[in-house]
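User: I have a model open and would like to talk through how it is packed. Could you take me through it, starting with the terms you use?

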Amino acid sequence: MTLYDDFRHEAETRIAALTAEADAGALDPAIDILVEALNVGGVLQAFGTGHSEAFAMEIAGRAGGLIPTNRIALRNVVLQGSRPSDILSDGKLERDPSIVDELFDISPIGPDDVFLIASNSGVNGSIVGMALRAKETGHKVIAVTSLEHTMAVEPKHPSGKRLRDIADVVIDNKAPYGDATLDVGETKIGAISSITAAFIAQLLTIAVTDRIAASGQTPPVYLSANIPGGDEHNKALEDLYRDRISRTA
């Protein structure tokens with residue numbers, strides 16, 4: 001077997017485990033929270049930093065995804081807030097818990113919104129701070145994190161908490177400690193958390209959409225902008241959530 005085969009096996013094994021857990025109902029508590037929020041007019045607020053921002057991109061603003069979704073990104077404190085652009089080159093930004101208050105305040109967050117927060121380590125300051133602020137303001141939080149990794153490292157937020165300690169529902173992304181899955185000599189390669197987090201995002205989207213359709217409602221789902229009528233379909237539904245969802249870069 002080649003390294004490609006080895007990595008495929010690592011990915012397939014984890015995806016199979018996530019699918020089996022979903023079939024057994026492990027995601028139902030998260031799905032219940034998401035459907036309830038959408039039924040009362042809430043928006044799904046997705047947040048992740050570093051590579052975990054890919055999870056938020058899978059949740060919010062893509063073809064086949066739910067329209068009442070919003071992606072919160074650290075760069076918004078520059079694009080929409082008061083922070084200077086040079087802070088974006090500081091790799092420590094995601095570890096800064098002080099960034100959360102401004103980021104939260106400039107985001108279009110409503111009282112019925114739910115937060116989906118992804119972090120492989122689950123300990124960085126901005127991640128834990130966002131979860132704490134969401135809970136303090138009455139929002140439910142769904143976390144996607146590596147339980148193996150997060151329990152092997154020390155929290156970095158002043159509260160001493162991990163993302164998993166704060167969330168109403170915790171979904172394990174199945175990534176190992178350090179994220180990488182393969183050994184090449186003394187080097188670890190083959191990071192897996194982005195793949196499993198994206199799969200989890202799609203499982204949640206599929207299940208929520210199916211639940212809404214089964215209730216007799218039309219799910220508010222994006223069409224691809226690259227097919228005829230896609231832009232018109234999407235804009236009509238986006239207008240229902242005007243000023244409540246942002247589609248910044």
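Analyst: A nonpolar core here is a set of buried Ala, Val, Leu, Ile, Met, Phe, Trp, Tyr and Cys residues joined through side-chain atoms within 4.5 Å, where buried means under 20% relative accessible area, exposed over 50% and partly exposed in between, with a 1.4 Å probe and protein chains only. This is a predicted model, in which local features need pLDDT of at least 70, side-chain atom pairs count only at pLDDT 80 or more, and totals for chains, interfaces and linings use all residues. Residues are numbered from 1 along each chain as its sequence is written, and side-chain values use heavy atoms, with hydrogens and water left out.

User: Fine, so which residues have the most contacts inside the largest nonpolar core?

Analyst: They are Leu34, Phe55, Leu116, Ile142, Ile171, Leu204 and Val208, in a core of 30 residues. The elements that give two or more residues to this core are helices H2 (28–39), H3 (53–59) and H9 (193–214), together with strands S1 (44–48), S3 (114–118), S4 (141–145) and S5 (169–172); helices (H or I, at least four residues) and strands (E, at least two) are DSSP runs, numbered from the N terminus.

User: What is Leu34 in contact with, neighbours aside?

Analyst: Beyond its neighbours within four places in sequence, Leu34 is in contact with Leu44, Val114, Leu116, Ile142, Leu204 and Val208, contact meaning heavy atoms within 4.5 Å. There is also a second, separate core of 24 residues, which includes Ile72, Met130, Ala131 and Ala143.

User: Switching to helix H5, which of its residues are buried?

Analyst: In H5, which covers residues 99–106, the buried ones are Ile99, Val100, Glu102, Leu103 and Phe104. These buried residues pack against S1, strand S2 (69–72), helix H4 (76–79), S3 and helix H6 (125–136).

User: And what does Phe104 touch?

Analyst: Phe104, which has 8% relative accessibility and therefore counts as buried, is in contact with Ile109, Phe115, Met130, Arg133, Ala134, Thr137 and His139, leaving aside neighbours within four places in sequence.

User: Now the loops: where is Ser52, for instance?

Analyst: Ser52 sits in the loop between S1 and H3, and it counts as buried because its relative accessibility is 15%. Apart from neighbours within four places in sequence, Ser52 is in contact with Ala118, Ser119 and Asn120.

User: I was checking backbone angles too. What is phi of Lys174?

Analyst: Phi of Lys174 is near 70 degrees, a positive value in a residue other than glycine. Lys174 is found in the loop between S5 and strand S6 (180–184) and is partly exposed, with a relative accessible area of 21%. Asp179, also not a glycine, has a positive phi of about 80 degrees; it lies in the loop between S5 and S6 and counts as buried at 15% relative accessibility.

User: Back to the whole chain, how many helices and strands are there?

Analyst: The secondary structure comes to 10 helices and seven strands. The radius of gyration is 18 Å, close to the 18 Å that the globule rule gives for 249 residues, so the protein is as compact as a globular protein of that length; the radius is taken over C-alpha atoms, and the rule is 2.2 Å times the number of residues to the power 0.38. Buried residues make up 47% of the 249 residues.
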